[in-house]
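Start with the coordinates, then work through the points by topic.

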Amino acid sequence: MEQRTLFDREEAQPLAARLRPRTLEEYVGQTHLLGEGKVLRRLIESDQISSMIFWGPPGVGKTTLARIIAHRTKASFIDFSAVTSGIKEIRGVMQQAEENRRFGEKTILFVDEIHRFNKAQQDAFLPFVEKGSIILIGATTENPSFEINGALLSRCKVFVLQALTMQDLVSLLTRALSDPRGFGGQSIRIEPQMLEAIAAFANGDARAALSTLEMVVLNGETEGDTITVTAETLEQCTSKKSLLYDKNGEEHYNIISALHKSMRNSDPDAAVYWLARMLEAGEDPLYVARRLIRFASEDVGLADPKALEMAVAAYQACHFIGMPECTVNLTQVVVYLSMVPKSNALYLAYEKAKKDALTQLADPVPLVIRNGVTQLMRDLHYGEGYQYAHNTAEKLTAMQCLPDSLLGREYYLPTGEGLEGRFKTRLEQIKAWKKDHQTE
């Protein structure tokens, strides 16, 4: 249980903390979970809470919802942070929960940022969840499928909390101006479009929206008892935005996936947008450049062989001049890769070959293409019958190069896209010539 001191005055707390909703009626957003008749609302109102995980981006109300549950439930409520706690603290909490169970009292354990616990720490909860000593409520900004042990996750219901809408945030900001816990006791002049600008800046994060509102009010122009928020003040307080992007988390992979798929779909506008989202959030430009090199072969390939050269050149440019100058180099290649003809024939060729390589590891190399570098090898017919293609007029031979078990197998199937159409024509000519000369 939290203890308060004489110095913990509510008015000294940040606006976001003062306005933290205390009831479901005050809670903003997540109507898909908490609307009238929705599953989570019914569970809370009937005090039938089971172990669950709240998954969502920062500032959408995960901790707030857990505290609302704490106020409504008949169970003992323990607030626990994964940032500051270890195995020792977990065991102490579990012991307290066991004592509560002996007296017939349920214990709800709220674990903020549960993804920060390692496997051993998460495992410590498992037996107590299984026998009902605790009802676990975990909050995480990371995908539970990757960050939470499967055994623990299978015993928890996952509720996905969504980023707040513009309408949700404007409603929240408007209430902050009238609520006595916010600026209700003051005369604040701020245009409605400024509230909308703050809501847009917050990017679905209620905490960020309220913190920005508090900043612009504190820096507003005072005249008598009235504080006026000017456009200049708003611009200064929102000049730098912390984008929703975690270089080690799921959003990192979501956005690089968005970039890759936008280029694949030949959408340069979307591709440049996702590129900017990554770079402005602090992503290493060399990481982006490496992904472009992969894309140049995986999704463009021989439809435009120059794509790989440009991607490698972009990597070198990023290495030479760094951020922010290299943004235009990456943009050049992203737009180029978006616009050129596409072919995944090389990617498919390797995947098919890999499958055979892994399942037919024992297939010997044909004797004809082995290198007979010693007399013993030559006595064993290594290299016997080898034909040097450069010695022929066509620069071709009908010599077998695949193992017997894979004879006739085709991996590279060129498309007709871009320059790969030329490779397709050439390959068809080669195969026809070899077929005609196989009996020789």
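The model is predicted.

**Overall form**

- The C-alpha atoms fill a box of roughly 100 × 60 × 40 Å along the principal axes.
- The protein chain holds 20 helices and eight strands.
- Of its 440 residues, 41% count as buried.

**Salt bridges**

- The whole structure contains 15 salt bridges.
- E298 pairs with R294, and their closest N and O atoms are 2.7 Å apart.
- Both E298 and R294 sit in helix α15 (residues 285-300). They are four residues apart, about one turn of the helix.
- The two ends of this pair fall into separate burial classes: E298 is buried because its relative accessibility is 14%, under the 20% cut-off. R294 has a relative accessible area of 41%, so it is partly exposed.
- E410 pairs with K431, with 2.6 Å between the closest N and O atoms.
- This pair links distant parts of the chain, 21 residues apart. E410 is in the loop between α19 (375-379) and α20 (420-437), while K431 is in helix α20.
- E410 counts as partly exposed because its relative accessibility is 39%. K431 is also partly exposed, at 35%.
- R181 forms a salt bridge with D179, the closest N and O atoms being 3.6 Å apart. R181 and D179 are both buried.
- E25, E36, R41 and E45 are joined in a network of salt bridges.

**Negative surface patch**

- Which residues gather in a patch of negative charge on the surface? They are E221, E223, E232 and E235.
- Two elements, β7 (221-223) and α12 (231-237), each supply at least two residues of the negative patch.
- E235 lies in helix α12. Is E235 buried or exposed? E235 is exposed, because its relative accessible area of 58% is over the 50% cut-off.

**Backbone geometry**

- Most residues other than glycine have a negative phi, and most peptide bonds are trans. The next points depart from that pattern.
- The peptide bond from M323 to P324 is cis, with omega near 0°. P324 lies in the loop between α16 (306-321) and α17 (327-339).
- E113 is not a glycine, yet has a positive phi of about 55°.
- Where is E113 found? E113 is in the loop between β3 (107-112) and α6 (119-130).
- H381 is another residue other than glycine with a positive phi, near 75°.
- H381 lies in the loop between α19 and α20. With a relative accessible area of 41%, H381 is partly exposed.
- E410 is also in the loop between α19 and α20.

Note on methods. Residues are numbered from 1 along each chain as its sequence is written. This is a predicted model: local features need pLDDT of at least 70, side-chain atom pairs count only at pLDDT 80 or more; totals for chains, interfaces and linings use all residues. Side-chain values use heavy atoms; hydrogens and water are left out. Patches are made of residues with over 30% relative accessible area and no salt bridge: like charges are joined within 9 Å, nonpolar side chains (Val, Leu, Ile, Met, Phe, Trp, Tyr) within 5 Å. Accessible areas come from the Shrake-Rupley method with a 1.4 Å probe; for residues, only the protein chains shown count as cover. A salt bridge is a side-chain nitrogen of Lys or Arg within 4 Å of a carboxyl oxygen of Asp or Glu. Lys and Arg count as positive and Asp and Glu as negative; His and the chain ends are not counted. The place of a charge is taken as NZ of Lys, CZ of Arg, CG of Asp or CD of Glu. Buried means under 20% relative accessible area, exposed over 50%, partly exposed in between (1.4 Å probe, protein chains only).
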